[in-house]
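Here's a quick briefing to read alongside the model. Have the viewer open and follow along.

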Amino acid sequence: AYTGLNIQPRLRSQKMDSGALVGGVLSGSPAAAAGIQAGDILLKVGDRQINAHYSEEVPLVNLELYALPTGKPTPFEVLRDGKTLT
């Protein structure tokens, strides 16, 4: 599935056990329509917890995103300004 997200590893300064940094969101993409913003921390996709602390883990997150069913809404959980949003 296409989300329009650019995923990066979490920053070292982010003291978290899981999540991945949203480095960018393509204009007009499903992620942009859902309100996801660059700088958010992606915590969950559906019921799957997301983790990218190292750059080697980013492809695994991308595989999770690509495996989503096309055309079917899936809840994403992100952390923004200390608040969890779905």
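**Contacts and overall shape**

Among contacts in the protein (heavy atoms within 4.5 Å) between residues at least 6 apart in sequence, 52% join residues at least 24 apart. Keep in mind that this is a predicted model, where local features need pLDDT of at least 70, side-chain atom pairs count only at pLDDT 80 or more, and totals for chains, interfaces and linings use all residues. Numbering runs from 1 along each chain as its sequence is written, and side-chain values use heavy atoms, with hydrogens and water left out.

**Fold and size**

- The protein has 2 helices and 6 strands, where helices (H or I, at least four residues) and strands (E, at least two) are DSSP runs numbered from the N terminus.
- Going along the sequence, you get β-β-α-β-β-α-β-β.
- The radius of gyration is 12 Å, which agrees with the value near 12 Å for a compact globule of 86 residues; the radius is taken over C-alpha atoms, and the globule rule is 2.2 Å times the number of residues to the power 0.38.
- Along the principal axes, the C-alpha atoms fill a box of roughly 35 × 25 × 25 Å.

**Surface and charge**

- Of the 86 residues, 35% are buried (buried means under 20% relative accessible area, exposed over 50%, partly exposed in between, with a 1.4 Å probe and protein chains only).
- There are 8 positive side chains and 8 negative ones, and the centres of the two sets sit 3 Å apart; Lys and Arg count as positive, Asp and Glu as negative, while His and the chain ends are not counted. Each charge is placed at NZ of Lys, CZ of Arg, CG of Asp or CD of Glu.

- Beyond its neighbours within four places in sequence, Val45 is in contact with Ile50, Leu65, Leu68, Thr74, Pro75 and Phe76.

**Two loop residues**

- Ser29 sits in the loop between S2 and helix H1 (30-33), and it counts as buried because its relative accessibility is 1%.
- Not counting residues up to four places away in sequence, Ser29 touches Tyr2, Thr3 and Gly4.
- Asp81, in the loop between S5 and strand S6 (83-85), counts as exposed at 75% relative accessibility.
- Asp81 also has a positive phi of about 55°, although it is not a glycine.
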